[in-house]
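I opened the model to look up a few backbone and packing details. My notes are kept in the order in which I checked them.

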Amino acid sequence: MIDLYYWPTPNGHKVSIMLEESGLEYRSHPVNILKGEQFEPEFLRISPNNRIPAIVDQDGPGGEPFPLFESGAILMYLAEKSGRLWPTDASARYRVTEWLMFQVANVGPKFGECGHYHGYAPEPVPYSIERYYSETQRLYGVLDNRLGDVEYLAGDYSIADIAVFPWMAPVVRELHKIDVDEFPNVKRWLDAISARPAVQRGMALLEADMKIGDPSDETREAFFGDSQYQRR
Ligand SMILES: N[C@@H](CCC(=O)N[C@@H](CS)C(=O)NCC(=O)O)C(=O)O
């Protein structure tokens, strides 16, 4: 049994989607980052960086409970445990790893700052808005080029796609002021992934608590991981 510590944000969705795709048995525990629950000592013992998502595999290596934080590491762990979506052949495995690291090192941080400066910084900072918006546009271009050559980021559908996909959900694109029609290969890929039932279940986990589909809902203010800031 895997315990998932979660709130329905892009980083949370990576893991809820993977748990649904993997078929592993899990139960979810909401960590309401709007109420500061990520700072509770009990949660910090699992996730010392006070961020969701985190897991505890009650049947970890050696049969011991195994806590893990950082969504990229969790995706690798769940893929290895289930034998799904991360091939064992070395070249295919490192192609997946390459695009997974691309997400962790680029898409997450840059898109996150883009959302922050577009919607959450206490005062407008034009240089930062422009810098992270142009980086976000550039990264969409990198992904669009790649997806012009291959069906999924590493060839076959994998944990690399699961890592990037939630960062391009409609509500996220709206905040980032991205017009997906400018990136037709990304659009094709988003449509294919959105059609997967496991992805739909993963994206829906606890969505009602967050009401993220409602753009007027002020509870979105911590959606992108900056709970200390109010939405402008
Ligand atoms: N690098 C981390 C980032 C996780 C992260 O930023 N989580 C946000 C939600 S998307 C969070 O928990 N924020 C809590 C806070 O800002 O205090 C990962 O990929 O797991």
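**Entry 1, ground rules.** I am working with a predicted model, where local features need pLDDT of at least 70, side-chain atom pairs count only at pLDDT 80 or more, and totals for chains, interfaces and linings use all residues. Residues are numbered from 1 along each chain as its sequence is written. Helices (H or I, at least four residues) and strands (E, at least two) are DSSP runs, numbered from the N terminus.

**Entry 2, strand β1.** I looked up β1, residues 2-6, and found four of its five residues buried; buried stands for 20 or more other C-beta atoms within 10 Å of the residue's own, exposed for 12 or fewer, partly exposed for in between, with C-beta atoms placed from the backbone. β1 runs parallel to β2 (residues 26-30), and five bridges join them; strands pair if DSSP finds at least two bridges between them. Ile2 has Tyr26 in β2 as its bridge partner, and Leu4 has Ser28 in β2. With β3 (residues 54-57), β1 pairs in the antiparallel sense over four bridges. There I noted Val56 in β3 as the bridge partner of Asp3.

I checked the axes of α1 (residues 10-22) and α3 (residues 71-82): they come within 10 Å and cross at roughly 5 degrees. Axes are lines fitted to C-alpha atoms, for helices over the stretch in contact, and angles run from 0 to 180 degrees between N-to-C directions. The two helices α1 and α3 are therefore roughly parallel to each other, a label for angles under 35 degrees. On the α1 side I listed Asn11, Lys14, Val15, Met18, Leu19 and Ser22, which meet Ser71, Ile74, Leu75, Leu78 and Ser82 in α3; contact requires C-beta atoms, placed from the backbone, within 7 Å.

Which bond joins Ile52 and Pro53? I found a cis peptide bond, with omega about 5 degrees. Pro53 sits in the loop between α2 (41-44) and β3. Asn50 is also placed in the loop between α2 and β3, and has a positive phi of about 45 degrees although it is not a glycine. I have Asn50 down as partly exposed because it has 16 C-beta neighbours inside 10 Å.

Leu206 is not a glycine, yet has a positive phi of about 65 degrees. I located Leu206 in the loop between α9 (197-204) and α10 (207-210). Leu206 has 15 C-beta neighbours inside 10 Å, so it counts as partly exposed.

Terms used: Parallel < 35°, antiparallel > 145°, perpendicular 65-115°, else oblique. Contact = placed C-beta atoms within 7 Å.
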